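Please examine the sequence and the structure shown below before reading further. The text then leads through them step by step.

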Amino acid sequence: MLDRIKNKPSKKNLKQQAQQEQYQMKVDTATPKPPLLKNLCWAFVVGGLICMVGQLIIDYFTSIGLDKEEASACATAVLIFLGAFLTGIGVYDKLGKRAGAGSIVPITGFANSIVAPAMEFRREGYVFGIGAKMFVVAGPVLVYGVITSVIVGLLYWIRH
Amino acid sequence: MNKKQGAQSIAFASPPIITSVANIVGPMEGEGLLQQYFDHIMPDNLNNWDTWEQCESFMMEWAIRAAANKDKITIDMIDCILAGDLLNQLMSTHFAIKNLSRPFLGLYGACSTMIESLLLGAILLDGGFANKVAAATSSHHDAAERQYRFPSELGVQRPPGAQWTVTGSGAAILSVTGSGPRITMATIGKIVDYGIKDTNAMGAAMAPAAVDTLWEHFQDTGRMPAYYDMIFTGDLGSVGKELVIQLMKEKGLNITSNYQDCGCMIYRKEQDTHAGASGCASSAVVFCGYLYNMLMNSSLKKILLVGTGSLHSTTSYQQKESIPGIAHAVAIEI
């Protein structure tokens with residue numbers, strides 16, 4: 001008992017660990033498994049459709065005379081707007097419930113991850129609510145995205 | 001006279017009476033299985049308030065006032081209010097009780113709070129410290145989601161073991177005189193932690209605590225599970241319920257025939273809540289409605305109500321701590 005007070009609490013003893021592992025096994029058996037095939041199909045179809053919409057928008061912009069790079073930048077902007085808009089009218093979360101990664105991975109999902117907290121925390125005001133909480137979900141993506149791009153940039157610079 | 005019984009239990013000398021109850025829920029609960037047992041169903045989760053938290057406070061205040069009304073007493077006749085909710089610093093409770101200006105003790109037992117407040121209320125009454133006590137809790141789906149998980153518009157997929165926080169509030173008036181079911185015994189639970197870290201597996205995190213309290217209750221009181229017409233846990237959901245049955249079987253007690261979980265009684269399957277209901281209001285709206293009705297018309301005569309709480313915080317799970325569980329039990333008999 002004294003040891004526990006004086007020292008940092010010792011890491012779990014073996015008996016406790018065995019008990020916990022045993023219980024975890026019971027929990028795993030009792031917990032229903034996600035319907036993997038259904039989820040995969042939904043993700044595949046919805047993710048594919050979003051990309052197809054993106055492609056259609058690119059094609060449209062190229063047809064009115066933009067070059068390839070400009071067209072894809074414009075398409076990105078349109079998709080971000082669509083993601084934000086669908087979040088605003090309360091549709092995107094229903095889509096995400098079915099499609100999972102299919103609607104999280106495309107750029108529309110990124111828009112959703114910024115607009116959703118901004119909407120959620122608007123009651124806390126423009127500074128401490130929307131301003132501070134807007135990047136609560138997307139923030140880590142930005143931080144590690146920037147770090148990764150710096151590392152890749154450095155590697156590219158060393159090689160050339 | 002010593003009212004302590006066994007290691008963790010209390011046998012009340014003059015069992016306090018639950019003279020009235022009231023509950024209020026959101027629209028989704030209103031479409032569920034217990035539709036006709038709710039006193040008021042709100043049209044939406046905001047009910048004309050600006051924020052979800054204000055709406056939750058409104059629900060609790062409404063429930064306490066409605067319970068007092070049904071009991072034909074004024075709020076001033078309540079000696080003490082025992083209440084709590086899920087939000088940080090008991091936000092909803094404090095703003096609700098502020099308007100009632102009665103002596104108040106705030107409680108946090110996560111989703112076990114309804115039973116904790118009934119238990120402590122009964123102690124106050126049986127000890128002669130009060131004549132009328134109000135016990136109440138509330139939870140709000142969206143307010144809880146934004147605190148514990150994600151913004152509600154975020155497009156995330158919930159795993160099949162996840163539970164749905166109930167929007168609602170329940171209140172009960174406990175009294176030394178009057179008629180109604182009585183709280184005859186109570187068992188105060190210990191914190192039990194089997195190392196579950198997944199916040200989507202709260203039923204699994206709380207099940208060992210429920211089993212521990214049930215076991216201690218039977219040890220302390222000498223009663224067997226068959227003594228009760230029904231045993232109810234608060235919000236374990238289908239996964240936790242299954243685990244309680246399994247763990248009890250390992251201890252040599254079969255409770256399959258007279259055990260149910262309040263979390264499995266609120267929503268219909270097609271409402272797609274996955275493993276069932278959770279939140280303080282899960283046990284509160286079921287007890288302060290359906291169960292109280294069953295007791296009053298003698299469909300049930302002896303029930304054991306076990307409130308289950310998972311005592312994690314947003315900080316604790318981000319720091320990769322496991323989820324400690326707790327369960328308190330009260331025996332209610334008529």
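The paragraphs below treat helix packing, the contact between the chains, and some backbone angles.

The model discussed here is a predicted one. Two packed helices are described by the angle between their axes and by the distance between those axes. In chain A, helix H3 (residues 36-63) and helix H5 (residues 92-99) have axes 8 Å apart and pack at an angle of about 135°. H3(A) is therefore oblique to H5(A). On the side of H3(A), the contact is formed by A:Trp42, A:Ala43, A:Val46 and A:Gly47, which meet A:Leu95, A:Arg98 and A:Ala99 of H5(A). By class, the residues of this contact comprise 5 nonpolar, 1 polar and 1 charged.

Each of these two helices can now be considered in turn. The buried residues of H3(A) are A:Trp42, A:Val46, A:Ile50 and A:Ile58. These buried residues pack against H4, H5, H6 and H7 of chain A. Just after H3(A), the residue A:Gly65 adopts a positive phi of about 105°.

In H5(A), the buried residues are A:Tyr92, A:Leu95, A:Gly96 and A:Ala99. Why do they lie on the same side of H5(A)? They do so because they cover an arc of only 100° around the axis. Just after H5(A), A:Gly100 has a positive phi of about 55°.

Helix H4 (residues 113-126) and helix H8 (residues 280-296) of chain B cross at roughly 60°, and their axes come within 7 Å. H4(B) is therefore oblique to H8(B). Here B:Thr113, B:Met114 and B:Ile115 in H4(B) meet B:Cys280, B:Ser283, B:Ala284 and B:Phe287 in H8(B). The contact of H4(B) with H8(B) has 5 nonpolar and 2 polar residues, and no charged residues.

The next topic is the contact between the chains. Chain B contributes 23 residues to it and chain A contributes 28 residues. On the side of chain B that touches chain A, helix H6 (202-221) and helix H7 (237-250) of chain B each supply at least two residues. The largest share of that side, 4 residues, comes from H7(B). By class, the side of chain B that touches chain A has 12 nonpolar, 7 polar and 4 charged residues.

Finally, some backbone angles in chain B deserve attention. Most residues other than glycine have a negative phi. B:Asn48, a residue other than glycine, has a positive phi near 70°. B:Asn48 is found in the loop between strand S4 (40-41) and helix H2 (52-70) of chain B. Is B:Asn48 buried or exposed? B:Asn48 counts as exposed because it has 10 C-beta neighbours inside 10 Å, and the cut-off for an exposed residue is 12 or fewer. B:Leu90 is not a glycine, yet its phi is positive, at about 50°. The loop that holds B:Leu90 runs between strand S5 (80-84) and helix H3 (91-98) of chain B. With 18 C-beta neighbours inside 10 Å, B:Leu90 counts as partly exposed.

Methods: Residues are numbered from 1 along each chain as its sequence is written. Chains are lettered from A and ligands numbered from 1 in the order in which they are written. This is a predicted model: local features need pLDDT of at least 70, side-chain atom pairs count only at pLDDT 80 or more; totals for chains, interfaces and linings use all residues. Axes are lines fitted to C-alpha atoms, for helices over the stretch in contact, and angles run from 0 to 180 degrees between N-to-C directions. Angles under 35 degrees count as roughly parallel, over 145 as roughly antiparallel, 65 to 115 as roughly perpendicular and the rest as oblique. Two residues are in contact if their C-beta atoms, placed from the backbone, lie within 7 Å. Ala, Val, Leu, Ile, Met, Phe, Trp, Tyr, Cys and Pro count as nonpolar, Asp, Glu, Lys and Arg as charged, and the others, Gly among them, as polar. A residue is buried if 20 or more other C-beta atoms lie within 10 Å of its own, exposed if 12 or fewer, and partly exposed in between; C-beta atoms are placed from the backbone. The arc is that of the directions from the helix axis to the C-beta atoms.
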